Amino acid sequence: MSGAQTSPALHPQSAPHLRVGMSTRRMTWLAVASLVPALGFGLALFGIPGLVVVGVSIGSALLAELATTLPFRRFTLADGSALLTGLIVGLLLPAGAPVYVPAAASAFGILVIKQSFGGLGRNWMNPAMGGVLFATVSWPGPASWSIPPLGGAAGPAAPPLEALRSAVSAAGPHGATPLAALDKAGYAFSSLDASAIDWINAHLLAPVGLAFNHGALDVLVGHVPGAIGASAPLLVLGAAYLLRRRVIRWQLPVIYLASFAVLSLAAGGLASGGGWLAGGPGFHLLSGNIVLAAFYAASDPVTSPLTRTGRWVLGISLGALTFLMRYFGSWGDGAAAAIVLGNCLTPLLDQWTSHRPGAAPKGAA
Amino acid sequence: MMYPTKLPKGGVDPPSVITVPPGSTILNAPLPPRALIPLLQHAGSPARCLVKPGDPVTEGMLIGRAEGARSAHVHSSIPGVVTHVGPCTLPSGETCDAVTIELGGSFQTSGKPAVRRPWEGMSRRDLLERIRSAGVVGLGGESQPTHLKLAPEGRAVSLLAANGLDCEPSISVDAALLRQRPSEIVEGLRICQVVLSPGRTVLAIGDQSEDLAAAFEGLIANAGMKADVRVLPSRYPGGHEQLVASAIAGRPPSPDPSVVVINVATLHAVFEAVVLEKPLIERVISVSGFPLARPQNLKVRLGVRIGDLLEECGGSATDTRKVLVGGPMRGLSVDSLDLPVTKSTCGILALGAAEARTAKELPCIRCGACIEACPWDLVPTRLFKLVRMGDTDAAFREGLGRCTECGCCSYACPSRIPLSSILGRGKHANGREGHG
Amino acid sequence: MNAALLVLGLCPAIAMTDTVIHSVWISAGLLLVSVLSTLARRILRAVPTGDRGPADGPGLIAALCVSSVLTAGFEAGLLAVSPEASTSIGIYAPLIAVNVLAVGEPLPSGATPARSVVGAVGRGLGLGAALILIALVRETLGAGTITLFPVGAFKGTIVISALVDEPVRALGLAGGALLCLGYLAGVLQAIGGARQRAGAGGEKP
């Protein structure tokens, strides 16, 4: 029976011959895709200036990566990590930033933080966070120029967090919730928010005796001046998709946010004069870049600890660091700096928490 | 008593679509017109050839005599005439001499009813001699000569485990034999029990064979044996000797010389050797894969051509891109279909173009998937970097010696780094074997 | 080479490279003190001068004494020549003493005094060039100016209008200094490595 059959063209390879479906490339592109809702919302709010900022940061990241790989005859853009870095940088910056800010942030992140240390997988600091930190330190003014969002209140466009900070520094600790304090300081939220909150207060909450402050809806949805990627619900939506596809692990982001929330609730009031248990965690979780930092920077496998214990410890540390910097420090947001400091902790945590393999088995041959 | 046990750590789940359902009957493969019988089908030194071209051989005749401390006899699986004795390359890359036999003449034992020979009351030495003369080796893939495995030098055996879990995800030989030859397996286990006098005997079966547990307990009780039946998770690499022993004993996996693990296919061969006085000339293998129309468990004569079996199972030459001897995790990829089935072949897996695609290796992103997948509690991401840097001493200090190259880490790696190959290379560098 | 000494040497390197003029002064001080202290140690050969290697404690102290004295002399001279420079350099001038040891002759060298001096000049010039290069980058990008000696009508500061309003302030900070230092060291390593490979390749027949 044999002999007449044509032999198949066989390609000998080494074992194992099957691989799990999820690849590194797919993980990065899925992360890019999961940021699209937040990006779309940000671009809708901030229009052309927002598009320019995001476009420049992505372009600068891609160029920087090309410049450091093409001369060595390698092409790494297909793995999507440069695009992801550029996108995150763009989302972290406000729409009013002059062009050189996102360009320099992305370029610094890719050239110095990632490529100088060996490229993908070798960076010990998050490139996007480090780049944005570089930009905010170098140009503290321009890097925080924000414009009012579409449909938002006109006038000086300071992000709520900044406005709160200046209100506190002007008038001292306010002792009230952040939104109430902003209201007192005359911060204007959008009219859409005003009418919606009034409606909710009147129809849903008055019977229960509660009331939301004006601005709650704006802050929740991210309809405020500030970073382009500020919509916490959309970011969480994207992150939930990543969690479901098992691209990222839940421990670091969730524990980071949880520890920040707990600390903020318990001790945040000390800074604002409200005493214990009056810190306004809701406002602070939704302001600034903490959500983006938690789900897209803290969860980056390259800079996360390898062990579960390490991830828990790092999550708590990140929450604590962000809390300290937000409430008691002079940094505006604190998330980027906390991430960068946490990255420096990771190798130490790896060393401390990795189990001791290599103990010789009993009765070894 | 049976206790479903959790795999302590690690393991991976390759797609189960490539596995032959263990319930499907083991079919007899057609007789090969020609058998290519290598003289090295076991772990150890090759057998010495006893025939030359032109010699007539009968079915089950001794054609290679065991030579050396670690060797086994080789028998002819078909009657006929020796046409050629020359070197052949095995799938592992080793070369050895092989005897080519053209089919002819009459069959001595096939087609005739098997005759039971009494064995109760035989001494240990005589039992081992029967096993040795039949050329029985481990059929779970390791191919250790069984008469050596059943004669641990002066050491007491604390546990004799019958391993009913298949070694690879695409192979269901043991599961099928458990289902279709239970009494032979139990009797083989009884023979081994007499030889070894172990402290404890356990028959370990996979969770897809869980429904057979009660039947096996009955068979064991009827035979007057003292043995437990344990159901273990069959998630790869659950069939590995060390993991079976560790799941039964409840401690981390490690090589333990007081534990003897014998595959149920080998027990079946032991039964045939001792009770039927039949030499090892055929075995059951799983032929499976996406490009095959009729994947099956086949009982084949040793020496049959792999290509013939693939045709038998409806394999298409155009769809097949890779053929593996073994399974997807540790199988050896071959470049020729003229290779024979030997005692160490558990299965043949054909892969199509989609599975055979090689992916580009990307840098390690420290995701930790390999750490989660490793059943031996190693940190492959660290070890492979040490091996690549050339620091194998540091790698051994961190446990490289425990690596069994099961392939779980490579399977799980999203950057497609060939971790198990690198670790294997590090282990065998400078001829060091390491532990395990 | 004592690791502690090297780290001490970083301090003026970070602090004094914020403007070009500062690094010029510091480099001048380093060069002067380095040359003079090498000469002094050669002349005072009877005194154990740390030439027996880094583990030689008493010798190290003696060498430190020599360079400290010379550094004090340099400081006095600087005060006389340019009081503004002296105030702006301030506390970092005494660090020249330790820096000189950090880049000084590492081993008991059998070289003649003349060769030692030439070596000191070379090392001083090399370190000075590195400091000035770093300062150039840091000041240009980090402050948008280049500060030099006032000569005649030239007030001493070149202003780069494109950068002076919004310079890259991160480079003006200590972290930025370490960044520039690191990249300069990397470039020098790469050049040195390439030269070594070329040299090794050239020797083969």
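Chain A is divided into domain 1 (24–144) and domain 2 (248–351), with bounds that come from an automatic or database domain assignment. The structure is a predicted model, in which local features need pLDDT of at least 70 and side-chain atom pairs count only at pLDDT 80 or more, while totals for chains, interfaces and linings use all residues. Residues are numbered from 1 along each chain as its sequence is written, and chains are lettered from A and ligands numbered from 1 in the order in which they are written.

The C-alpha centres of the two domains of chain A lie 22 Å apart. In this pair, 15 residues of domain 1 are in contact with 14 residues of domain 2, two residues being in contact if their C-beta atoms, placed from the backbone, lie within 7 Å. On the side of domain 1 that touches domain 2, helix H3 (81–92) and helix H5 (127–138) of chain A each supply at least two residues; helices (H or I, at least four residues) and strands (E, at least two) are DSSP runs, numbered from the N terminus. H5(A) gives the most to this side of domain 1, with five residues. By class, this side of domain 1 has 10 nonpolar, five polar and no charged residues. Here Ala, Val, Leu, Ile, Met, Phe, Trp, Tyr, Cys and Pro count as nonpolar, Asp, Glu, Lys and Arg as charged, and the others, Gly among them, as polar.

Chain A as a whole contains 15 helices and zero strands. Of its 365 residues, 50% are buried, where buried means that 20 or more other C-beta atoms lie within 10 Å of the residue's own, exposed that 12 or fewer do, and partly exposed in between, with C-beta atoms placed from the backbone. Among contacts in chain A between residues at least 6 apart in sequence, 73% join residues at least 24 apart.

The largest nonpolar core has 125 residues, and those with the most contacts inside it are A:Leu91, A:Leu93, A:Val132, A:Ala293 and A:Ile339. Such a core is a set of buried Ala, Val, Leu, Ile, Met, Phe, Trp, Tyr and Cys residues joined through C-beta atoms within 7 Å. Helix H2 (residues 36–69) of chain A provides the largest share of this core, 12 residues. Because domain 1 (24–144) and domain 2 (248–351) of chain A both give residues to this core, it lies between them. Not counting residues up to four places away in sequence, A:Ile339 touches A:Asn126, A:Met129, A:Ala293, A:Ala297, A:Ala298 and A:Leu318. Apart from this core lies another, of 100 residues, among them B:Val157, B:Leu310, B:Leu349 and B:Ala350.

The contact between the chains takes 54 residues from chain B and 38 residues from chain A. Elements that each supply at least two residues of the chain B side include helix H8 (306–312), strand S15 (320–325) and helix H14 (419–428) of chain B. S15(B) contributes the largest share of that side, five residues. The side of chain B that touches chain A has 25 nonpolar, 14 polar and 15 charged residues.

In chain B, three strands form an open antiparallel sheet in the order S3-S5-S6, two strands being paired if DSSP finds at least two bridges between them. Its edge strands are strand S3 (48–49) and strand S6 (74–75) of chain B. S3(B) is joined to strand S5 (residues 62–65) of chain B by two bridges, and B:Cys49 stands opposite B:Gly64 in S5(B).
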